[in-house]
Amino acid sequence: MGETIKIHETAFLTATFRSIDENLSGDPFAKLWQNEKTDLWLKEYINNVSTEEPYCHCLRNRYFLDQIKKSIKQNNIEILINFGSGFSMYPFLLDENLIHIEIDKPEIVEHKKQKIEDWQNKSLIPKRDIHFLGVDFNEEYESELVPKIMSVKKDKRSFILIEGVLFFLGKKETISLFSLFDSLQNKGDLIGSVSFQNNVSETISFKKMLAFLAKKLTKDQELDYQLIDDEFYQNIENYKLTDKQDFFSLSKKYRHATSLSKGEILNETMYLLEKIGSKKI
Ligand SMILES: C[S@@+](CC[C@H](N)C(=O)[O-])C[C@H]1O[C@@H](n2cnc3c(N)ncnc32)[C@H](O)[C@@H]1O
């Protein structure tokens with residue numbers, strides 16, 4: 001087996017998965033993140049975990065892309081705040097008037113910022129209004145982050161996205177994040193979130209993923225993963241669960257066919273929440 005992977009480097013894998021079927025993901029820019037090291041991880045991951053992984057990520061991207069587009073029209077969303085944004089390319093796939101805040105570990109946002117500027121200078125991607133903020137959700141980050149977000153967000157209608165991140169965080173950090181979302185958002189604002197349900201841990205693909213990560217993640221990082229059931233989303237104060245999808249429902253929606261059995265698919269669940277309670281700050 002080749003080199004080890006750091007948690008933040010999983011962002012390269014996710015981006016590359018999306019480039020495998022651009023029609024399905026709706027993302028013609030994900031391929032810009034492709035590099036030799038990630039190509040090797042991708043092959044190892046597909047061979048060791050599930051051959052359907054690229055399509056799971058394409059469907060996830062497509063679902064949120066379509067939901068954000070819809071929310072711009074229906075909920076008058078003006079700003080997308082992406083927590084653990086990694087190398088996703090939503091800013092370049094959405095209307096140029098949308099404002100973006102991208103939050104991730106400092107090394108990720110720094111690298112993304114540089115790459116984006118470079119690709120924009122070469123006219124490979126369009127210019128967009130993006131604000132990059134570097135934080136670690138496992139540390140005390142709110143007192144510095146909130147004023148920075150609010151200075152851009154002001155009273156604008158927001159869509160908060162958190163995808164591919166909660167698996168790596170603990171319950172306490174997750175509750176803090178959703179409480180932060182509540183304090184940032186107004187009635188009618190939206191959250192898109194992704195997580196694995198408890199029952200996924202029984203599938204062969206999930207066991208294979210854990211074995212792969214145990215072997216591949218750098219030794220200084222314990223993988224303390226998190227699974228989340230529907231009840232968590234159904235009981236978030238001030239929010240109503242408005243949509244729930246997974247690989248199987250999205251495969252139907254976007255006419256994607258697979259020959260794998262259910263257990264061979266690493267099935268994530270996508271949630272859409274709307275703020276119904278009154279604004280806190
Ligand atoms: C699998 S990637 C997903 C990236 C992106 N959301 C996407 O779907 O393409 C996970 C991302 O979560 C970020 N992340 C994980 N733990 C984090 C933490 N404690 N603080 C900030 N970001 C974190 C990683 O740096 C990485 O960019």
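Helices (H or I, at least four residues) and strands (E, at least two) are taken here as DSSP runs, numbered from the N terminus. The structure is a predicted model, in which local features need pLDDT of at least 70 and side-chain atom pairs count only at pLDDT 80 or more, whereas totals for chains, interfaces and linings use all residues. Residues are numbered from 1 along each chain as its sequence is written.

On this basis the chain comprises 11 helices and 7 strands. Its radius of gyration, taken over C-alpha atoms, is 18 Å, close to the 19 Å that the globule rule (2.2 Å times the number of residues to the power 0.38) gives for 281 residues, so the chain is as compact as a globular protein of that length. Along the principal axes, the C-alpha atoms fill a box of roughly 50 × 45 × 40 Å.

Of the 281 residues, 38% count as buried, a residue being buried if 20 or more other C-beta atoms, placed from the backbone, lie within 10 Å of its own C-beta atom. Phe 64, which lies in helix α4 (residues 53–74), counts as buried because it has 24 C-beta neighbours inside 10 Å. When residues up to four places away in sequence are not counted, Phe 64 touches Leu 161, Glu 163 and Gly 192, contact requiring that the C-beta atoms of two residues, placed from the backbone, lie within 7 Å. Among contacts in the chain between residues at least 6 apart in sequence, 80% join residues at least 24 apart.

Terms used: A residue is buried if 20 or more other C-beta atoms lie within 10 Å of its own, exposed if 12 or fewer, and partly exposed in between; C-beta atoms are placed from the backbone.
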